[in-house]
Amino acid sequence: RPGAAPAKDANEIGRYLADKLLKPIIPHIAGKQQWIISADGPLATLPFETLPLGSAAVIAKHDVSYIQSLSMLALLKAREEDNRKIQGRKMLLAMGGAIYQADSNGAVARGRHTIKRRADSGQVDVSQLMSRSRIGVQETGRAFDLMGLQWLNLPGTDIEVSKVASIFADANASQQQDSTLFGKITNFLGIETTSQTTVLKGEHATEARLQELNQRGELAKYRYLLFSAHGYLSTEEPALSALVLGQVNKAPGTDGYVTASEWPAYDLKSDLIVLSACDTGVGKVVQGEGVMGLPYALYVAGNKNTVLSLWPVVDESTAEFMTSFFGKLKAGVP
């Protein structure tokens, strides 16, 4: 409006939005423990749980989750019932510690996002690179190559997946593994396994390994999936939003980017996927459909709930946060 000035205080913005969005419907929502929000337009990337309600933020008294559209709610409830009938499911598959640069001279990334673009990459019109009628590995690989994205190694992701796995690991299986030659070999090769968990790190944190697990039907056997890695978002072309896995010695037919256009080809039966990476909840907002990107792609693949980030995240503190998060989950906290 004329005379408006930029707001420099996030709390001021929060109060304004709460007055506009929550205050009019307080009689209907204040007493409800669980809020499921299907927001449209720019509101699709607003963290409602951070808005003030009374003397505290919404999240202090309410469980907040988001859904692509209200028509999906019944489908998700049906999926939950189907998942409960699955026999012999394991608890956790975790992937992290991917090798992004084999010779990084000790350089590591502080945040889980692209560190820079190559000097020769210039400005690239992503939409012109992608064919909406045919999006395959060659097209996405060429697009990422022309954009010149570069990624540094993330030591925090290696620590994170191991710590989280230890929360769910069967104690007896862990002791047996550590006392055998097989246990030592698998740890050395970047694979840590127990009866309930599988951790893939280093040279095993790759798109090719993920594809292999999917082809064998292994991905559908885990209740929780944790991907601790770099993330790439595209608000111009939703199909390019991706989880970034290993970029060294890539197998033929892979580019190391598991994009939103590729996830629907995977077969998942997970209750929860955590994308412990930057900006994974961001994408192109489509009128009447919400954010088109990784959240919707994972739903199509068969996942029920997803934990995502709307912002860049710091490597070290994110590892601590995720360990605490899964510890609470294991303890039964909603």
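Predicted model: local features only at pLDDT ≥ 70, side-chain atom pairs only at ≥ 80, totals over all residues.
Some overall bookkeeping, then. There are 334 residues in the protein chain, and 46% of them count as buried. On secondary structure, the chain has 11 helices and 17 strands. And how much of the contact list comes from residues 24 or more positions apart? If you take contacts in the protein chain with a separation of 6 or more, those residues account for 78%.

Now, salt bridges, which is what I really wanted to talk about. Side chains of opposite charge can pair when their charged atoms come close. How many salt bridges does a search of the whole structure find? The search turns up 10.

Let me start with D158 and K201. These two form a salt bridge, with the closest N and O atoms 2.9 Å apart. D158 sits in helix α6, residues 155–168, while K201 sits in strand β9, residues 197–202, so this pair ties together parts that are 43 residues apart in sequence. K201 comes in at 10% relative accessibility, and because buried means under 20%, K201 counts as buried.

Next up, D271 and R223. Here the closest N and O atoms of the salt bridge are 3.1 Å apart. Again the pair links distant parts of the chain: D271 is in the loop between β13 (257–259) and β14 (272–276), R223 is in strand β10 (residues 222–228), and they are 48 residues apart. D271 has a relative accessible area of 15%, so it is buried. R223, on the other hand, is at 33% relative accessibility and therefore counts as partly exposed.

One last item. Which residues do salt bridges with shared partners join into one network? That would be E80, E81, R84 and K304. If you have the structure open, go and click on those four.

That's my bit, thanks.

Definitions and conventions
Residues numbered from 1 in each chain as written. Heavy atoms only, no water. Salt bridge = Lys/Arg side-chain N within 4 Å of Asp/Glu carboxyl O. Helix = DSSP H or I, 4+ residues; strand = E, 2+ residues; numbered from the N terminus. Buried < 20%, exposed > 50% of the residue type's maximum accessible area, 1.4 Å probe, protein only. Contact = heavy atoms within 4.5 Å.
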